[in-house]
Amino acid sequence: MSGDHQVLALLLFGAFIAATLCITSRVGRGKQGSPEEFYVGGRQFSAMENGFAIAGDYLSAASFLGISGAIALFGYDGMLYAIGFLVGWLVVLFFTAELVRNCGRFTLADVIAARLRERPVRRAVGTSSLVVSLLYLVAQMVGAGSLVALLLGGTSGQTRCWAMVAVGALMVIHVSFGGMRATTWIQIVKAALLLVGTLALTALVLIRFHGDINSLLNSAAERSGHGRAFLAPGLQYGGSWTARLDFISLALALVLGTAGLPHILSRFSTVPTARAARRSTVWAIGLVGSFYVMTIVLGFGAAAVVGSDRVRAAHTAGNTAVPLLALDLGGGAGSTSGTVLFALVVAIAFATVLAVVAGITLACSASIAHDLHRSVQRPGSRPRSEVAVARVAAVGVGAVAIALGLLARDLNVAFLVGLAFAVAASANLPALVYSLFWRDFTTRGAVWAVYGGLGSAALLVVLSPVVSGGAESLVPGWDFHLFPLQNPALVSVPFGFLSGWLGTRLSVEPGDPDAYAETEVRALTGAGSV
């Protein structure tokens, strides 16, 4: 990009982000001192507003950048992420949305601890929620670094580092001063912009190929370097039983993980009733489904227009495929229209990252202040303001996310989110399902389910090719991998459920049928819910 065009791109980018922040900061003004206002925005959002906010929270850098990049590099196999991310919402709709709204207050731990001993359950679920949220947060930081580095005309490590620092500072400001109300409106505005921008790019891709999908796919296969294999299963997850099992493991994580994501489940507490929570989910499914159909077109469009080799050269994991596609659709690097379209897409993508990291940071700070901090407070000690603790926690979360993002900056963002989904499905989901549907479930069962799923998932990731043993591993110079799969869900999810069952059966204290009956009535009818 020429110097003049780069300045224009930076001006458009800055104006776009400044306008978004101005709108959301005005909405976020007001009293944020109470936990109910800070964590759930006073439960005053409508079903449609919350549906757009859920879509804005869920459609992350992994969706906009990682999925399209994976499709541009691996064709058919890259579509697994889009399908898995969408199907996971059916689990949320049918099994968790209304029940979590009726049983919960602010966090996932509120739901699981409703009929169990609070301290050990809050400590376990708070820890697991923090790990899941940090993994998800790292993916957004990596995406932000790739975007800003591309906007500035390079992919240098220093540029990406400063981009992550900037994102970390912005997310801390939004969460600390705006709480859930400002975060929600950031997500609503971002969801609308993302859907409009994606629709415009999809239309331009289809116009380029005169609406002929067959021509688009043939061109993508030709420029991918893989020929017809690009359009068939097996390019990434074929050729060996290990790759096929990795495919199944990733699919399991994506389908089950959504129902265990803390920042998504907390959104159901921002509406006044369980019916509104269900309608929010229906809105979210419609918006998310429409978006993922368009990302498939963008992924194959990037392969056809930009070429897989150029996508891989810009970023080894393909995270910059969509911005490069926008640049070419607008007329190329030397054109004003190409620069404008490129800057708009990068700005929308950056707004996407900003909205998602704000929601995840709020979930992290809620887990620390509402769950972990409360679980270690001694009885009779002077209580500190929970909201003040949450604001301080947001600063710490931002620092940790920046550090982890720098470590994982060369990984595909969709892959990183896949790991977060695996941990959520392994640790949070078993405890949530048992708590809602098993009469005999005990405190020990909940603690064992969470720590069993979390520990097994973490151990298997450390011993997998993700960390060592490959050229693209976190520590490529070492090889201590013993587990052949990159995603641990195939083993860790069953182990989490088994741990919860075993902990309950070996528990000294029996389950409380009266407490379960009370929770069941509350979950199904909403009687006694907040």
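Author: Among the elements of the protein chain, helix α1 (residues 3–27) has the lowest mean pLDDT, 69, while helix α19 (residues 489–505) has the highest, 95; pLDDT is the predictor's confidence in each residue, from 0 to 100, and helices (H or I, at least four residues) and strands (E, at least two) are DSSP runs numbered from the N terminus. The model is predicted, so local features need pLDDT of at least 70 and side-chain atom pairs count only at pLDDT 80 or more, whereas totals for chains, interfaces and linings use all residues. Residues are numbered from 1 along each chain as its sequence is written, and side-chain values use heavy atoms, with hydrogens and water left out. For the protein chain, the mean pLDDT is 83, and 90% of its residues reach 70 or more.

The structure holds one cavity of 30 Å³ or more, and about 130 Å³ of space lies in the largest cavity. On a 1 Å grid over the protein atoms alone, a cavity is a set of points where a 1.4 Å probe fits but cannot get out, a pocket is an open set with protein on both sides within 12 Å along at least five of seven lines, and lining residues have an atom within 4 Å of a point. Points are joined across faces, edges and corners, and a volume is the space filled by probe spheres set on them. The largest cavity is lined by 20 residues, of which F106, P262, S266, A363 and A366 are the closest to its centre. At least two lining residues come from each of α6 (108–112), α8 (157–208), α11 (262–265) and α15 (336–376), and α15 gives the largest share, six residues. By class, this lining has nine nonpolar, eight polar and three charged residues, where Ala, Val, Leu, Ile, Met, Phe, Trp, Tyr, Cys and Pro count as nonpolar, Asp, Glu, Lys and Arg as charged, and the others, Gly among them, as polar.

Two or more lining residues come from each of α7 (118–151), α16 (386–407), α17 (413–437) and α18 (443–462). The lining of the second largest pocket divides into 19 nonpolar, no polar and no charged residues.
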